[in-house]
Amino acid sequence: MKSPLHLFIALSLLSINCTLMAQNPTFEIEGHRGCRGLLPENTLPAFYKALDLGAYTLELDVVISKDRKVVVSHDTYFNPDISTDPDGIYISKETRNNLYLLDYKEIKKYDVGRRGNKGFPEQEAMKVHKPLLTEVLDKVAKYAKKKDIPRVKWNIEIKSSPNEVGKSQPPVEEFSDLVEKIISAKLDPKDVVIQSFDFNVLTHWHKQIEAGNYPPVTLAVLLGGEANNDIAHVTKKLGFKPDIWSAHYSTMDAQKVKDLHSAGMRVIPWTVNKLEDMQRMKAIACDGLITDYPDRARQL
(Lines give C-alpha, C1' and ligand atoms only; values in the text may rest on other atoms or scores of the structure.)
Protein backbone atom coordinates (compact mmCIF):
# COMPACT_ATOMS: atom_id res chain seq x y z
CA MET A 1 0.00 0.00 0.00
CA LYS A 2 1.28 3.46 -0.87
CA SER A 3 1.94 5.89 1.94
CA PRO A 4 -0.09 9.11 2.24
CA LEU A 5 2.99 11.01 1.06
CA HIS A 6 3.26 8.90 -2.10
CA LEU A 7 -0.43 9.41 -2.79
CA PHE A 8 -0.08 13.16 -2.28
CA ILE A 9 2.86 13.32 -4.73
CA ALA A 10 1.00 11.21 -7.29
CA LEU A 11 -2.11 13.38 -7.07
CA SER A 12 -0.01 16.54 -7.33
CA LEU A 13 1.72 15.29 -10.47
CA LEU A 14 -1.65 14.32 -11.95
CA SER A 15 -2.98 17.80 -11.22
CA ILE A 16 0.04 19.42 -12.90
CA ASN A 17 -0.31 17.21 -15.97
CA CYS A 18 -4.04 17.97 -16.24
CA THR A 19 -3.29 21.68 -16.01
CA LEU A 20 -0.70 21.43 -18.79
CA MET A 21 -3.13 19.48 -20.97
CA ALA A 22 -5.76 22.13 -20.43
CA GLN A 23 -3.28 24.85 -21.36
CA ASN A 24 -1.89 22.91 -24.34
CA PRO A 25 -4.72 20.76 -25.74
CA THR A 26 -3.04 20.58 -29.16
CA PHE A 27 0.63 21.15 -28.41
CA GLU A 28 2.29 21.14 -31.84
CA ILE A 29 5.64 19.49 -32.48
CA GLU A 30 7.35 20.75 -35.64
CA GLY A 31 10.26 18.87 -37.17
CA HIS A 32 13.00 21.45 -37.80
CA ARG A 33 14.39 20.94 -41.30
CA GLY A 34 12.75 17.53 -40.95
CA CYS A 35 14.76 16.18 -38.05
CA ARG A 36 18.23 17.72 -38.36
CA GLY A 37 19.46 16.03 -35.20
CA LEU A 38 18.98 12.58 -36.72
CA LEU A 39 19.21 12.85 -40.53
CA PRO A 40 20.63 15.35 -43.07
CA GLU A 41 18.64 18.58 -42.88
CA ASN A 42 15.97 19.56 -45.39
CA THR A 43 16.09 16.23 -47.20
CA LEU A 44 13.44 13.65 -47.96
CA PRO A 45 14.78 11.07 -45.49
CA ALA A 46 14.65 13.70 -42.73
CA PHE A 47 11.04 14.57 -43.52
CA TYR A 48 10.01 10.91 -43.61
CA LYS A 49 11.71 10.28 -40.27
CA ALA A 50 10.03 13.28 -38.66
CA LEU A 51 6.64 11.90 -39.66
CA ASP A 52 7.60 8.48 -38.28
CA LEU A 53 8.37 10.19 -34.97
CA GLY A 54 5.02 11.97 -34.82
CA ALA A 55 6.08 15.44 -35.97
CA TYR A 56 3.22 16.03 -38.40
CA THR A 57 4.20 19.63 -39.04
CA LEU A 58 7.33 19.80 -41.16
CA GLU A 59 9.45 22.94 -41.01
CA LEU A 60 11.67 23.66 -44.00
CA ASP A 61 13.48 26.51 -45.75
CA VAL A 62 13.39 27.56 -49.38
CA VAL A 63 15.74 29.47 -51.67
CA ILE A 64 15.73 30.17 -55.41
CA SER A 65 18.02 28.76 -58.10
CA LYS A 66 19.27 30.54 -61.22
CA ASP A 67 16.54 28.91 -63.31
CA ARG A 68 13.95 30.05 -60.77
CA LYS A 69 13.26 26.72 -59.13
CA VAL A 70 12.19 26.69 -55.47
CA VAL A 71 14.89 24.65 -53.71
CA VAL A 72 14.58 23.29 -50.19
CA SER A 73 17.69 24.63 -48.48
CA HIS A 74 18.46 26.61 -45.34
CA ASP A 75 21.44 28.32 -46.96
CA THR A 76 21.74 30.21 -50.22
CA TYR A 77 25.10 28.47 -50.70
CA PHE A 78 26.50 25.00 -50.13
CA ASN A 79 27.35 24.75 -46.44
CA PRO A 80 31.10 23.94 -46.28
CA ASP A 81 30.55 21.82 -43.17
CA ILE A 82 28.31 19.27 -44.86
CA SER A 83 28.61 19.58 -48.64
CA THR A 84 30.55 17.67 -51.30
CA ASP A 85 30.83 18.77 -54.94
CA PRO A 86 30.03 16.55 -57.97
CA ASP A 87 33.67 15.44 -58.17
CA GLY A 88 33.67 14.21 -54.58
CA ILE A 89 35.65 17.18 -53.24
CA TYR A 90 34.62 18.70 -49.93
CA ILE A 91 33.19 22.20 -50.27
CA SER A 92 35.23 24.91 -48.55
CA LYS A 93 34.38 28.48 -47.61
CA GLU A 94 36.05 29.51 -50.87
CA THR A 95 34.14 27.05 -53.07
CA ARG A 96 30.77 26.98 -51.36
CA ASN A 97 28.91 28.32 -54.44
CA ASN A 98 25.85 30.54 -54.50
CA LEU A 99 22.74 28.50 -55.36
CA TYR A 100 21.15 31.54 -56.98
CA LEU A 101 23.89 31.38 -59.64
CA LEU A 102 23.35 27.68 -60.41
CA ASP A 103 20.59 25.92 -62.33
CA TYR A 104 18.88 23.21 -60.31
CA LYS A 105 20.30 20.41 -62.49
CA GLU A 106 23.74 21.50 -61.20
CA ILE A 107 22.57 21.91 -57.58
CA LYS A 108 21.20 18.37 -57.58
CA LYS A 109 24.67 16.94 -58.33
CA TYR A 110 26.04 18.11 -54.97
CA ASP A 111 25.84 15.87 -51.92
CA VAL A 112 24.74 17.33 -48.58
CA GLY A 113 24.61 14.29 -46.31
CA ARG A 114 27.40 11.78 -46.66
CA ARG A 115 29.80 13.78 -44.47
CA GLY A 116 27.33 13.93 -41.61
CA ASN A 117 27.20 17.01 -39.40
CA LYS A 118 29.69 17.50 -36.57
CA GLY A 119 27.24 19.77 -34.79
CA PHE A 120 24.77 16.89 -34.56
CA PRO A 121 26.65 13.72 -33.58
CA GLU A 122 23.48 11.59 -33.68
CA GLN A 123 22.88 12.50 -37.32
CA GLU A 124 23.17 9.52 -39.67
CA ALA A 125 25.43 10.16 -42.65
CA MET A 126 24.03 9.28 -46.08
CA LYS A 127 24.32 10.35 -49.68
CA VAL A 128 21.52 12.80 -50.43
CA HIS A 129 20.81 15.95 -52.45
CA LYS A 130 18.89 19.20 -51.98
CA PRO A 131 15.35 18.57 -53.26
CA LEU A 132 12.90 20.87 -54.96
CA LEU A 133 9.88 22.02 -52.97
CA THR A 134 7.60 20.32 -55.51
CA GLU A 135 9.49 17.04 -55.04
CA VAL A 136 9.18 17.24 -51.27
CA LEU A 137 5.46 18.00 -51.31
CA ASP A 138 4.69 15.22 -53.78
CA LYS A 139 6.81 12.51 -52.17
CA VAL A 140 5.88 13.33 -48.59
CA ALA A 141 2.20 13.19 -49.58
CA LYS A 142 2.73 9.68 -50.95
CA TYR A 143 4.69 8.64 -47.85
CA ALA A 144 2.02 10.00 -45.51
CA LYS A 145 -0.68 8.11 -47.41
CA LYS A 146 1.35 4.91 -47.16
CA LYS A 147 1.72 5.45 -43.40
CA ASP A 148 -1.97 6.35 -42.93
CA ILE A 149 -1.11 9.86 -41.73
CA PRO A 150 -4.26 11.85 -42.54
CA ARG A 151 -2.82 15.34 -42.43
CA VAL A 152 0.64 16.86 -42.82
CA LYS A 153 1.13 20.56 -42.15
CA TRP A 154 3.95 22.68 -43.56
CA ASN A 155 5.92 25.53 -42.05
CA ILE A 156 7.83 27.08 -44.95
CA GLU A 157 10.50 29.64 -44.19
CA ILE A 158 11.35 32.05 -46.98
CA LYS A 159 15.08 32.68 -46.61
CA SER A 160 15.25 36.33 -47.49
CA SER A 161 17.39 39.30 -46.53
CA PRO A 162 17.04 42.86 -47.86
CA ASN A 163 20.81 43.02 -48.39
CA GLU A 164 20.83 39.89 -50.57
CA VAL A 165 18.33 40.90 -53.25
CA GLY A 166 20.04 40.47 -56.63
CA LYS A 167 22.97 38.67 -55.01
CA SER A 168 21.59 35.40 -53.64
CA GLN A 169 17.86 35.86 -54.18
CA PRO A 170 15.32 37.58 -56.41
CA PRO A 171 13.19 40.49 -55.16
CA VAL A 172 10.68 39.59 -52.45
CA GLU A 173 7.76 39.88 -54.87
CA GLU A 174 9.22 37.41 -57.36
CA PHE A 175 10.46 35.07 -54.63
CA SER A 176 7.03 35.02 -53.03
CA ASP A 177 5.20 34.50 -56.33
CA LEU A 178 7.34 31.45 -57.08
CA VAL A 179 6.52 29.91 -53.69
CA GLU A 180 2.84 30.86 -53.81
CA LYS A 181 2.37 29.24 -57.21
CA ILE A 182 3.49 25.89 -55.82
CA ILE A 183 1.45 26.19 -52.63
CA SER A 184 -1.71 27.08 -54.54
CA ALA A 185 -1.24 24.10 -56.87
CA LYS A 186 -0.44 21.47 -54.25
CA LEU A 187 -1.60 22.40 -50.73
CA ASP A 188 -4.64 23.40 -48.74
CA PRO A 189 -3.84 26.86 -47.33
CA LYS A 190 -5.12 25.69 -43.91
CA ASP A 191 -2.09 23.38 -43.81
CA VAL A 192 0.49 26.07 -44.60
CA VAL A 193 2.48 28.52 -42.50
CA ILE A 194 4.76 31.03 -44.20
CA GLN A 195 7.45 32.33 -41.88
CA SER A 196 10.41 34.64 -42.29
CA PHE A 197 12.89 36.82 -40.44
CA ASP A 198 12.48 39.33 -43.27
CA PHE A 199 9.56 41.58 -42.39
CA ASN A 200 9.33 42.62 -46.05
CA VAL A 201 8.32 39.07 -46.93
CA LEU A 202 5.58 38.90 -44.33
CA THR A 203 4.24 42.35 -45.16
CA HIS A 204 4.08 41.42 -48.85
CA TRP A 205 2.25 38.15 -48.15
CA HIS A 206 -0.19 39.91 -45.85
CA LYS A 207 -1.03 42.51 -48.50
CA GLN A 208 -1.43 39.87 -51.20
CA ILE A 209 -3.70 37.77 -48.99
CA GLU A 210 -5.79 40.83 -48.15
CA ALA A 211 -6.09 41.63 -51.85
CA GLY A 212 -7.16 38.07 -52.65
CA ASN A 213 -4.10 37.38 -54.79
CA TYR A 214 -2.58 34.79 -52.43
CA PRO A 215 -4.32 31.99 -50.53
CA PRO A 216 -5.09 32.71 -46.85
CA VAL A 217 -2.11 30.90 -45.34
CA THR A 218 -0.98 31.42 -41.74
CA LEU A 219 1.81 33.98 -41.28
CA ALA A 220 4.50 33.63 -38.62
CA VAL A 221 7.09 36.21 -37.64
CA LEU A 222 10.53 34.81 -36.86
CA LEU A 223 12.55 36.58 -34.19
CA GLY A 224 15.95 35.85 -32.74
CA GLY A 225 17.36 36.81 -29.38
CA GLU A 226 17.40 40.51 -30.20
CA ALA A 227 16.57 42.85 -27.37
CA ASN A 228 13.79 44.74 -29.12
CA ASN A 229 11.21 42.04 -29.73
CA ASP A 230 8.51 43.96 -27.91
CA ILE A 231 5.08 42.97 -29.20
CA ALA A 232 3.94 46.49 -30.03
CA HIS A 233 7.25 47.31 -31.74
CA VAL A 234 7.18 44.19 -33.92
CA THR A 235 3.53 44.52 -34.98
CA LYS A 236 4.01 48.21 -35.78
CA LYS A 237 7.07 47.43 -37.87
CA LEU A 238 5.21 44.68 -39.71
CA GLY A 239 2.10 46.78 -40.20
CA PHE A 240 -0.17 43.93 -39.10
CA LYS A 241 -0.51 41.31 -36.38
CA PRO A 242 0.95 37.94 -37.39
CA ASP A 243 -0.87 34.71 -36.60
CA ILE A 244 2.15 33.13 -34.93
CA TRP A 245 5.00 34.56 -32.86
CA SER A 246 8.04 32.34 -33.40
CA ALA A 247 10.99 33.59 -31.36
CA HIS A 248 14.08 31.91 -29.96
CA TYR A 249 12.97 29.88 -26.96
CA SER A 250 15.38 31.72 -24.65
CA THR A 251 13.26 34.88 -24.99
CA MET A 252 10.08 33.21 -23.81
CA ASP A 253 8.56 33.23 -20.35
CA ALA A 254 5.06 32.75 -18.94
CA GLN A 255 4.21 36.45 -18.95
CA LYS A 256 5.35 36.91 -22.58
CA VAL A 257 3.27 33.94 -23.68
CA LYS A 258 0.26 35.28 -21.78
CA ASP A 259 0.67 38.70 -23.41
CA LEU A 260 0.95 37.17 -26.87
CA HIS A 261 -2.13 35.04 -26.34
CA SER A 262 -4.01 38.10 -25.15
CA ALA A 263 -2.98 39.81 -28.39
CA GLY A 264 -4.45 36.91 -30.35
CA MET A 265 -1.24 35.20 -31.45
CA ARG A 266 -0.10 31.60 -31.12
CA VAL A 267 3.38 31.03 -29.73
CA ILE A 268 5.75 28.45 -31.26
CA PRO A 269 9.40 29.00 -30.24
CA TRP A 270 12.48 27.65 -32.01
CA THR A 271 14.78 25.61 -31.92
CA VAL A 272 14.15 23.64 -28.73
CA ASN A 273 16.37 20.57 -28.46
CA LYS A 274 16.84 19.75 -24.77
CA LEU A 275 14.01 17.90 -23.06
CA GLU A 276 14.05 20.21 -20.05
CA ASP A 277 13.65 23.24 -22.34
CA MET A 278 10.81 21.50 -24.17
CA GLN A 279 9.12 20.84 -20.85
CA ARG A 280 9.51 24.48 -19.86
CA MET A 281 8.00 25.70 -23.15
CA LYS A 282 5.01 23.47 -22.58
CA ALA A 283 4.73 24.51 -18.93
CA ILE A 284 4.56 28.22 -19.80
CA ALA A 285 1.70 27.45 -22.21
CA CYS A 286 3.38 27.78 -25.59
CA ASP A 287 1.27 26.33 -28.39
CA GLY A 288 4.05 24.12 -29.68
CA LEU A 289 7.74 24.13 -30.50
CA ILE A 290 10.20 23.58 -33.34
CA THR A 291 12.89 20.98 -32.71
CA ASP A 292 15.73 19.10 -34.40
CA TYR A 293 14.84 16.08 -32.24
CA PRO A 294 11.20 15.00 -32.62
CA ASP A 295 12.17 11.77 -30.85
CA ARG A 296 12.90 13.71 -27.66
CA ALA A 297 9.67 15.68 -27.97
CA ARG A 298 7.70 12.42 -27.86
CA GLN A 299 8.44 12.33 -24.13
CA LEU A 300 6.32 15.43 -23.54
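Leaving aside its neighbours within four places in sequence, L99 is in contact (heavy atoms within 4.5 Å) with V63, I64, S65, K66, V71, S73, D75, T76, Y77, F78, I107 and K130. L99 lies in the loop between β3 (70-72) and α3 (104-107), where helices (H or I, at least four residues) and strands (E, at least two) are DSSP runs numbered from the N terminus. With a relative accessible area of 0%, L99 is buried, a term that stands for under 20% relative accessible area, as exposed does for over 50% and partly exposed for what is in between (1.4 Å probe, protein chains only). The C-alpha atoms of L99 and G224, which are 125 residues apart along the chain, are separated by 25 Å.

This is a predicted model, in which local features need pLDDT of at least 70 and side-chain atom pairs count only at pLDDT 80 or more, while totals for chains, interfaces and linings use all residues. Residues are numbered from 1 along each chain as its sequence is written, and side-chain values use heavy atoms, with hydrogens and water left out. The mean pLDDT (the predictor's confidence in each residue, from 0 to 100) of the protein chain is 93, and 91% of its residues reach 70 or more. Over residues 4-24, however, the pLDDT is below 50, and this stretch has 9 contacts in the model beyond near neighbours in sequence.

The interior can be described through its nonpolar cores, each a set of buried Ala, Val, Leu, Ile, Met, Phe, Trp, Tyr and Cys residues joined through side-chain atoms within 4.5 Å. The largest nonpolar core has 70 residues, of which V62, W154, I194, W205 and W245 touch the most other members. Helix α4 (residues 133-146) gives the most to this core, with 6 residues. Apart from it lies another core, of 12 residues, among them V63, F78, L99 and I107. As for W205, its contacts outside the four places on either side in sequence are I158, S176, V179, E180, I183, I194, Y214, V217 and L219.

Strand β1 (residues 28-32) is mostly covered, 5 of its 5 residues being buried. In a regular strand the side chains alternate between the two faces of the sheet. From β1, E28, E30 and H32 point one way and I29 and G31 the other way, and all are buried. Strands pair if DSSP finds at least two bridges between them; β1 is joined to strand β9 (residues 288-291) by 4 bridges, and the two run parallel, with E28 standing opposite G288 in β9. Over 3 bridges, β1 also pairs in the parallel sense with strand β2 (residues 57-64), where E59 is the bridge partner of H32.

T57 lies in β2 and is buried, with a relative accessible area of 4%. Its side chain makes a polar contact with the side chain of E28 (2.5 Å), a polar contact being a pair of N or O atoms within 3.5 Å, of which, within protein, one must be able to donate a hydrogen and the other to accept it, and for which residues adjacent in sequence count only if both atoms are side-chain atoms.

Two residues in loops deserve a separate look. N42, found in the loop between β1 and α2, has a phi near 55°, a positive value in a residue other than glycine, and at 2% relative accessibility N42 counts as buried. R68, in the loop between β2 and β3, has a positive phi of about 60° although it is not a glycine, and R68 is partly exposed, with a relative accessible area of 32%.
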